[in-house]
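Here are my notes on the model. Please read them beside the coordinates.

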Amino acid sequence: MSKRKNDKHPFGLTIDEVNQHILEGKTNKTETSNVKSIGRILSDNIFTFFNMLLAILAILMLSIRSYENMFFVIIATANMLIGIFQELKARKIIMRLSLINESDVKVIRQGIHVKIPVDELVLSDVYYLEAGRQIIADGKIITGNLTVNEANITGESEPVSKEEGDKILSGSFVVSGDAYARSTAVGDDNYVEQLSAKVKNIGKPKSVILKSLNQLLRVIAIIIIPLGILTFYNAFESSGMDYLLDFINTPDQYQNALKKMAGSMVAMVPSGLFLLTTLAFANSVIRLSKHNTLVQELYSIETLARVDTVCLDKTGTITDGTMDVEKVVTPEYQSHDFSKTHEDYNVNKIIASMNHELNDNNQTALALQTYFGRKQYYEEKQIVPFRSDKKYSICEFDHGIFALGAPETAFYGHYTQIKPQVEAYASDGKRVLALVRTERIRNDKVSGKKEIIALIIMSDNIRDNATETLDAFNASGVELKVISGDNAVTVSEVAKRAGVNHAEKAISLEDVKDKDLPKIALEHTIFGRVRPEQKRIIIDTLKKNNHKVAMIGDGVNDILALKHADCSVAIAGGAEAARNISHLVLLDNDFSSIPKVIKQGRQIVSNMERASVLYLVKTVYTVLLTIILLMTSRIYPFEPVHMFVIETFIIGIPSFFIALEPSNRKFKGNFLINVFKRVIPGALLVIMNLLGVYIFAGFWANITEDEISTVGILAATFAYFLVLVNVCTPMNWFKSAIVIFAGISSFMAFMLFNDLFKLTPLSMPSFLLLLLLFETTYILVSMFKGRLIKFWP
């Protein structure tokens, strides 16, 4: 608490003093030495293990002029370029952002108010702070007072009061009040910069999909080189050469062994899968932008796919955020503790004076200013700004001390006397504020005798599309928890009118201890009179009970909850503090976009789960086939060019469209486990075809190795086509079109470009073998599909 002196504005620095500080480098610019350089980004994306491996294989193919076997270079190059682009884009954003997220600041220089960019603030500058703004430099308050949330810096959730002479830390946020402060540190000397110096490196966002795929790649990286070398050795040895150095005299055998090795190793790398993942997320960002949703962290879309609970405040979500004062009513209970009747108080002038002194800019304050005005009728002696934990503000004037806020806390100790009247209005969905006169202020709280003077009746406006949006949540299987600082009865009634399920399960947390909150958090839908720390506890409790939680917030008092949620969503019209730390921002302040975001996330995860099957079947069957052939001293049958039709027309193009197909299936289970339940049967189907080639070829000695390769790739393509059919089941017109395209394009490619794909004309035994494999594969799939349904859904 403090005397208010904002009418005595400080003079600030002179222009000469500012220029001197600039020359000395004492500005608020921060170094970005820990941010990746462009060279580092290029090297990290170019010189990866698999890129180097594929580059070596490409050089080997180039050295023997086997250009047709170099198609894999195109996909590898596309992956690399997209990775570089994404990191350069992230670097550009980080260069513009830091833990200080304000873009400009009001300063006083030579007695004149000017607005300047944050990085142009200099040491000893006097700058202005108000509710909802971030403190952009360490400083000391020289006039005014603030309530500051330092949770980002100190970890303490309770707001802290600051008055003249108190220090303030950069990176924290102003909850209420206004003040002028003089900067005591700038740039890298700020406390927040020193605190974050070691953690400002650009990091790729967390993604369960990418994490799972990276785990798989680590396994592949361990086995791919030994299997490749053994494949080369096996092919070379099978050609009749005793020593590897004999390739000088036998170039054909050497070249053939290289092609088989490259064919095996390239097929083991699911490189196009990473390209597809990136493109799927990028496409989702574009789609969501059309719904006025800004994605600040790319892979938060994936996180939303797993969300089953959304926590939100009714203000700005269910309601449109605007409020109106309907009327002022006289309390039915009158105590006259100060020897005055209610007629002796001019409520309009008292609240207008409080509006003038408190200088708040939230929706409640704006509604009060619209109805009562904002004018200094009484001389102010002392103020205590609004704090979300006590839910009222206090002004001491020359004729008394007045508190304005929640009746339960402002009139604490006597609330039961007015509770029936308050709850009568609350049951109609009205919000009630109490104007209370108190005897004194102690520890920033009302103390001593109290007298209720007036009740201010306010109303929220329910959004036009609120019911439709809530129905969309229900259809998606998402549970809602309404967490509000308002009266629980009021919130419950508004929620009922809007269509929130189980809105009658409401509870007020004003007298609930934090240690008792986890026990009731799961049992209720509506929570009233909630403090910021209680919001965090509710979210943590839900997470501990295996719920994936999204939090929608718009105020500084939502920061803790937003930070602890699995996915945080901010309302653009709310506090900058909330926007700065959220994964997504609703640019049109309309939470009806959230169901669309959840649906988009589910589409990505569901479709990527199916698309991944197409890529990983190739990886798994290649690894298993290579091991089996090495154990039986058989030569690996394929070169890289043989796999082009499968990789392009059965995997690449279909997987792209599968990843974009609309889907709202709720994700369950582990990504890799779900994928491999489909991958293993598919890989075994392809291997059975290829092993069948070798088994049946043994009955006809005149079938050549080239014919075995031709029959093998045609049989593998047919088996892979059936894998695609399975991935696209259940069919619709879109997926039917994908399957038809894959079948026709594969057939035409083999018919028209058989020389390019090194297909050999088949003898009658080879042709009969191919037909036998087609028929056997189809019959097996038809017979066992029902039995494999649990493993191959």
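1. This is a predicted model; local features need pLDDT of at least 70, side-chain atom pairs count only at pLDDT 80 or more, and totals for chains, interfaces and linings use all residues. Residues are numbered from 1 along each chain as its sequence is written, and side-chain values use heavy atoms, without hydrogens and water.

2. Start with Leu304, in helix α10 (residues 300-305); helices are DSSP runs of H or I, at least four residues, numbered from the N terminus. Leu304 is buried at 1% relative accessibility (buried is under 20%, exposed over 50%, partly exposed in between, with a 1.4 Å probe and protein chains only). Beyond its neighbours within four places in sequence, Leu304 contacts Ala550, Cys567, Leu584, Val597 and Ile598 (contact: heavy atoms within 4.5 Å). Lys599 is 295 residues away in sequence, yet its C-alpha is 8.4 Å from that of Leu304.

3. Next, the aromatic rings. Tyr371 and Phe372 have ring centres 4.8 Å apart and planes at 70 degrees, so they are edge-to-face (rings of Phe, Tyr and Trp, for Trp the six-membered ring, pair if their centres lie within 6.5 Å; planes under 30 degrees apart are stacked, over 60 edge-to-face, the rest tilted). Tyr371 is partly exposed at 40%; Phe372 is buried at 8%.

4. Phe649 and Phe741 are also edge-to-face, with centres 6.4 Å apart and planes at 65 degrees. This pair links distant parts of the chain, 92 residues apart: Phe649 sits in helix α22 (residues 644-660), Phe741 in helix α25. Phe649 is buried at 17%, whereas Phe741 is partly exposed at 37%.

Terms used: Helix = DSSP H or I, 4+ residues; strand = E, 2+ residues; numbered from the N terminus.
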